[in-house]
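Let's take a walk through a protein model together, one piece at a time. Keep the 3D view open as you read, and click on each residue when its name comes up.

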Amino acid sequence: MNHVEHIRSKFLSLPQLLERLNAVREGKRVVFTNGCFDVIHRGHVSYLAQARDLGDLLVLGLNSDSSVRRLKGPTRPVNDEESRALVLASLECVDYVVLFDEDTPYRLIDAVQPDILVKGGDYQIDQIVGYDIVKARGGEVLTLPFVDGFSSTSIINRLKQSS
């Protein structure tokens, strides 16, 4: 398998993801995180690497284009869902990328049943979507610190101001 095929093989539908996880998760700790990841930056890379270090497999739930528009407004996303998914799948620390169309990943978390659920440090742990699912099965819910000065929104705003 060449590199492009390898990257594409990490971008899965939910049924494909569940089949793959069934085949490989025995004895492994599955970490789950999610987000829009519209303009990938240093903060994202640091966060995803830290998340992956918490377990054996990192599953990334990626908001679809329509979900991002509902959450961030009509001018977002800057990058379409396939582009965002392929960039994220190219990161060594990301094992699987799966799209979700809802405003929250609750249904996706329920299907994946991760051992560890991770979000950025701006969340209160008990307010993280899927907290109840992961805690009910004895899993962990954690937050990771942000890298100061990096966000897709701030990068987009800086670009607008410079044009």
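Predicted model: local features only at pLDDT ≥ 70, side-chain atom pairs only at ≥ 80, totals over all residues.

Start with Glu82, which counts as partly exposed because its relative accessibility is 39% (buried means under 20% relative accessible area, exposed over 50%, and partly exposed in between, with a 1.4 Å probe and protein chains only). Residues are numbered from 1 along each chain as its sequence is written, and side-chain values use heavy atoms, with hydrogens and water left out.

So what does Glu82 pair up with? Its side chain meets that of Arg8 in a salt bridge, with 3.3 Å from N to O. To count as a salt bridge, a side-chain nitrogen of Lys or Arg has to lie within 4 Å of a carboxyl oxygen of Asp or Glu. Glu82 sits in helix 5 (residues 81-89) and Arg8 in helix 1 (residues 3-9), so the pair links distant parts of the chain, 74 residues apart. (Helices, H or I with at least four residues, and strands, E with at least two, are DSSP runs numbered from the N terminus.) Arg8 is partly exposed too, at 45%. The general idea is simple: side chains of opposite charge can pair when their charged atoms come close.

By this rule the model has eight salt bridges. Another one joins Glu140 and Arg29, at 2.8 Å from N to O. Here Glu140 belongs to strand 6 (residues 140-144), while Arg29 is in the loop between helix 2 (14-24) and strand 2 (30-35), 111 residues away. Glu140 is partly exposed at 32%, and Arg29 is partly exposed at 36%.

Now find Asp65, in helix 4 (residues 65-72). Is Asp65 buried or exposed? With a relative accessible area of 16%, Asp65 is buried. Asp65 forms a salt bridge with Arg84, the closest N and O atoms being 2.8 Å apart. That pair links helix 4 to helix 5, across 19 residues, and Arg84 is buried as well, at 1%. The side chain of Asp65 also reaches the backbone nitrogen of Glu81 at 2.7 Å. Leaving aside neighbours within four places in sequence, Asp65 is in contact (heavy atoms within 4.5 Å) with Pro77, Asn79, Asp80, Glu81 and Arg84.

Next, the nonpolar residues. In soluble globular proteins, nonpolar side chains tend to be buried together. A nonpolar core is a set of buried Ala, Val, Leu, Ile, Met, Phe, Trp, Tyr and Cys residues joined through side-chain atoms within 4.5 Å. The largest one here has 19 residues, and Leu17, Leu21 and Val59 have the most contacts inside it. Helix 2, strand 2, strand 3 (57-63), strand 4 (96-100), helix 6 (106-112) and helix 7 (131-136) each give two or more residues to this core. Click on Leu21: not counting residues up to four places away in sequence, Leu21 touches Val30, Leu57, Val59, Tyr96 and Val112. A second, separate core has 18 residues, including Leu62, Ala89, Val118 and Leu144.

Key
Polar contact = N/O pair within 3.5 Å; in protein donor to acceptor, adjacent residues only side chain to side chain.
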